[in-house]
Amino acid sequence: MRRAAIPAALLLLGLAAGCTVGPRYSRPAAPVPAPDAWKTQPPWEQAAPKDAIPKGAWWQVFHDPALDAYEQQLLQANQSLAAARDRLEQARSLARVATAGMFPQLAADPSAVRERGSGNRPLNGVVQSIRPYTQNVFTIPFSLSYEVDLFGRVRRDVEAANASLQSTAADLQNVQLVLTAELAADYFTLRELDAEWQVVQESVGYQRKGLDLVNNRHEGGIASGLEVAQQSALLDSTLSQLALVQQSRAQNEHAIAVLMGQAASNVSVPVASLQATPPPVPLGVPSDVLERRPDISRAERLMAYQNAQVGIAHSAFYPHITLSGSGGWQSRDLEPLLNAPSLFWSLGADALQPIFEGGRNRANLAAAQAAYDQSVANYRQSVLTAFQEVEDGISNLSMLSQALATQGAAVEDARRALAIANNRYIGGVTSYLDVITAQTTLLTSERLETQLLGQQMVSSVYLVKALGGGWDASQIKDQQVHPQAGQALQQ
């Protein structure tokens, strides 16, 4: 009875006096900008709280039904996103593996053996007559083991697994944010190319009219062959630009197809004009970014994981106490196998205290601490990068807004200059070179205006992405696995 009571006493001791060695986790300070506002302010009125970015479907701020449909297809069929979801399920299963250490391990190993003993077997110095024998051995053994988590190694392992699970959940959200932002950027780039194609096509139209005019004047002996050649060269060059715009559009269309999980040849995005304006984006204060960016949350959860690893390395310096027991039935014959005389059992406890390990435990602790310090540096770098991306997005939109205003005036000036050059050429006041120059200037100005509008929309996409796309860190708090009593009876 005394020997049987020893393991039970040790178990109660472990449950009552158990402690968790190693540092407690607390999130390190992040390099948040000192002022409570962004360095650059956007050129539009700030959005009210009711206009916040939609959670989970941030692209709806652009109010574009075609974009909404493409994004939904991405969520359903994108293979990179599917892989990220599978990684989350893998992390959840691994976390359940860690919680298994909180329960006793029971195993059975039944066996049936018929054996013959040699008549010439060694007797280890005992003088007696020996004879060969043949017998059966039937055994139904059970073994039970349980590690008393006196110093928190198992609890730290569960803590690390849950932190890893949460970091994987944040990574899934970051993958989704990156992919959906890439699709939106490709979509608005494609729309810009549609508008740019229309601009170049219109230029081709009035350049062909110009060529007809010069040809007629040449046939009448008014214009020279040089003027005809100059206008033909300009038209050919513009047609080449038109082909390049179409090539770029095809590449963006192919990229959209792959993001939606489709073969490039199976997707055709209809041509449409670029009629969009950047939506008002609720910036909030810089410190909000720490909770709104899934990549920052992932880096923060990796710090928690590495902190738990430090605790696991600390626990290696303390005794590992294991309670064990075995028992079952053994008999030479099958019929009395489950009788009381066939029963055997044993109980015991094992305490393993490292004494000399050649510096292994100390080195493992140093490595775990260095990994934690590295995760802190990575976290702070992620924060700095996030602030940079937001400031870049705000300044890009501010500068693009100014550039669009002046470029619109430049387009009007170029159109007026072309009209004047045409009139002066027809009136014989100037050469046709002025007309060609004016045509080139107008085409360049109109293309630049269209490109600036496309860049403005793409910059809006990346600003929303830099702000986290409506996500917040509370969405991963429930991603945890806790030990359940029913696990004790599961394989």
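Biologist: Which residue in strand 3 is the bridge partner of leucine 106?

Modeller: The partner of leucine 106 in strand 3 is leucine 144. Before going further, please keep in mind that this is a predicted model, in which local features need pLDDT of at least 70 and side-chain atom pairs count only at pLDDT 80 or more, while totals for chains, interfaces and linings use all residues. Residues are numbered from 1 along each chain as its sequence is written, and side-chain values use heavy atoms, with hydrogens and water left out.

Biologist: What makes strand 1 and strand 3 a pair?

Modeller: Two strands pair if DSSP finds at least two bridges between them, and four bridges join strand 1 (residues 105-108) to strand 3 (residues 133-148), the two running antiparallel. Helices (H or I, at least four residues) and strands (E, at least two) are themselves DSSP runs, numbered from the N terminus.

Biologist: How many bridges does strand 3 form with strand 2, and how many with strand 4?

Modeller: Strand 2 (residues 111-117) pairs with strand 3 over seven bridges in the antiparallel sense, and alanine 112 stands opposite phenylalanine 138 there. Strand 3 also pairs with strand 4 (residues 320-331), again antiparallel, over 11 bridges, with phenylalanine 142 opposite glycine 327.

Biologist: Why is helix 7 called roughly antiparallel to helix 8?

Modeller: Helix 7 (residues 294-315) and helix 8 (residues 360-426) pack at an angle of about 170°, with their axes 8 Å apart. Axes are lines fitted to C-alpha atoms, for helices over the stretch in contact, and angles run from 0 to 180 degrees between N-to-C directions. Angles under 35 degrees count as roughly parallel, over 145 as roughly antiparallel, 65 to 115 as roughly perpendicular and the rest as oblique, so helix 7 is roughly antiparallel to helix 8.

Biologist: Why is the pair of tyrosine 187 and phenylalanine 188 called edge-to-face?

Modeller: Rings of Phe, Tyr and Trp (its six-membered ring) pair if their centres lie within 6.5 Å, and planes under 30 degrees apart count as stacked, over 60 as edge-to-face and the rest as tilted. By this rule the count comes to seven aromatic pairs. In the pair of tyrosine 187 and phenylalanine 188 the centres are 5.3 Å apart and the planes stand at 70°, which is edge-to-face. Ring pairs also link Phe62, Tyr70, Tyr187 and Phe188 into a cluster.

Biologist: How do you know that tyrosine 187 is buried?

Modeller: Buried means under 20% relative accessible area, exposed over 50%, and partly exposed in between (1.4 Å probe, protein chains only). Tyrosine 187 has a relative accessible area of 2%, so tyrosine 187 is buried, and phenylalanine 188, with 2%, is buried too.

Biologist: What makes asparagine 361 count as buried, and what does asparagine 361 touch?

Modeller: Asparagine 361, which is found in helix 8, has 12% relative accessibility and therefore counts as buried. Contact means heavy atoms within 4.5 Å, and asparagine 361 touches Ala316, Phe317 and Pro354, not counting residues up to four places away in sequence.

Biologist: Where is methionine 260 found, and why does methionine 260 count as buried?

Modeller: Methionine 260 is found in the loop between helix 5 (225-259) and helix 6 (289-292), and counts as buried because its relative accessibility is 1%. Methionine 260 and leucine 74 are 186 residues apart in sequence, but 4.1 Å apart in space, C-alpha to C-alpha.
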